[in-house]
Amino acid sequence: MKEMEACLQSAGKAREADYASSASAGASPGGGDQPEANNNTTTTSATATARGEGAKGAAKGQPKGEVVGEEGPAQLHPALLGASAALEMKPLWDEFHQLGTEMIVTKAGRRMFPTFQVRVLGLEPLQQYILMMDFVPVDDKRYRYAFHNSSWIVAGKADPVSPPRIHVHPDSPAEGAQWMKQVVSFDKLKLTNNQLDHNGHIILNSMHRYQPRFHVVVMQPQGKGGAGAAAAAAAAARIEDFKTFIFPETSFTAVTAYQNQRVS
């Protein structure tokens, strides 16, 4: 797990993905037509870290395969240049999004519904990749559901951010050919509101809004010094070794029980 987290943390100085910009660039918050995943409107290339700081700041007009960070442009790893992802069950996600998607969180952990599933394309067939997800707050607010007008309203400032966690797909690492031959399902991922969870579940605050993010990470070859040295060398060369995909229609409000009866 430390090795996998290092892959994302190596890009810690890159700007984070902008949820709002992604939505305005092509996918309507109400669940309109989603542009293709490889046209860089719903795909942000290595612009997000696993620190859980929210979805902010994607640069417009950014050259394909280049990431702009505090130290200048960084080059995307060659094995990621053609990578793209398409959300499965998009009509269902759109339907939920129009109503205001809610995800149940429990102390023991609850699987997502709809399940997050993607089809990955454009990977190098023999290259090893790690696929993972994390969740970032959409904003810094806490919400409550107003039953008299069937809508969510701001109830105050967000609770302290939970310790950020990454869910690594259990088939990782695997060759690109393996990932591309079938739909990738994150059906093992569970959401919890237990701040002391020791089961590796994703910790979220109830009545807060979150954006799932999907990451494709290149498995670095291990020479002398192992993966840590390889990640450090990639960072020094300003090569980003992961690519992040955000689908705005998968954003949701975490709840302990469904608030909107039309969602349940």
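Contact denotes heavy atoms within 4.5 Å. The views below show a predicted model, in which local features need pLDDT of at least 70 and side-chain atom pairs count only at pLDDT 80 or more, while totals for chains, interfaces and linings use all residues. Residues are numbered from 1 along each chain as its sequence is written, and side-chain values use heavy atoms, with hydrogens and water left out.

**View 1. Surroundings of Glu124.** Apart from neighbours within four places in sequence, Glu124 is in contact with Ala79, Tyr129, Gly176 and Ala177. Glu124 lies in the loop between strand S7 (117-121) and strand S8 (128-137); strands (E, at least two residues) are DSSP runs, numbered from the N terminus. Glu124 is partly exposed, at a relative accessible area of 40%; partly exposed falls between buried (under 20%) and exposed (over 50%), with a 1.4 Å probe and protein chains only. A distance of 8.0 Å separates the C-alpha atoms of Glu124 and Leu80, which are 44 residues apart along the chain.

**View 2. The open sheet S6-S14-S15.** This sheet of 3 strands has mixed pairing, where two strands pair if DSSP finds at least two bridges between them. Strand S6 (110-111) and strand S15 (202-203) are the edge strands, each pairing on one side only. S6 pairs with strand S14 (residues 190-192) in the antiparallel sense over 2 bridges. Leu191 in S14 is the bridge partner of Arg110.

**View 3. Met112 and its contacts.** Leaving out residues up to four places away in sequence, Met112 touches Trp93, Met103, Phe135, Leu189, Leu191 and Phe252.

Methods
Helix = DSSP H or I, 4+ residues; strand = E, 2+ residues; numbered from the N terminus.
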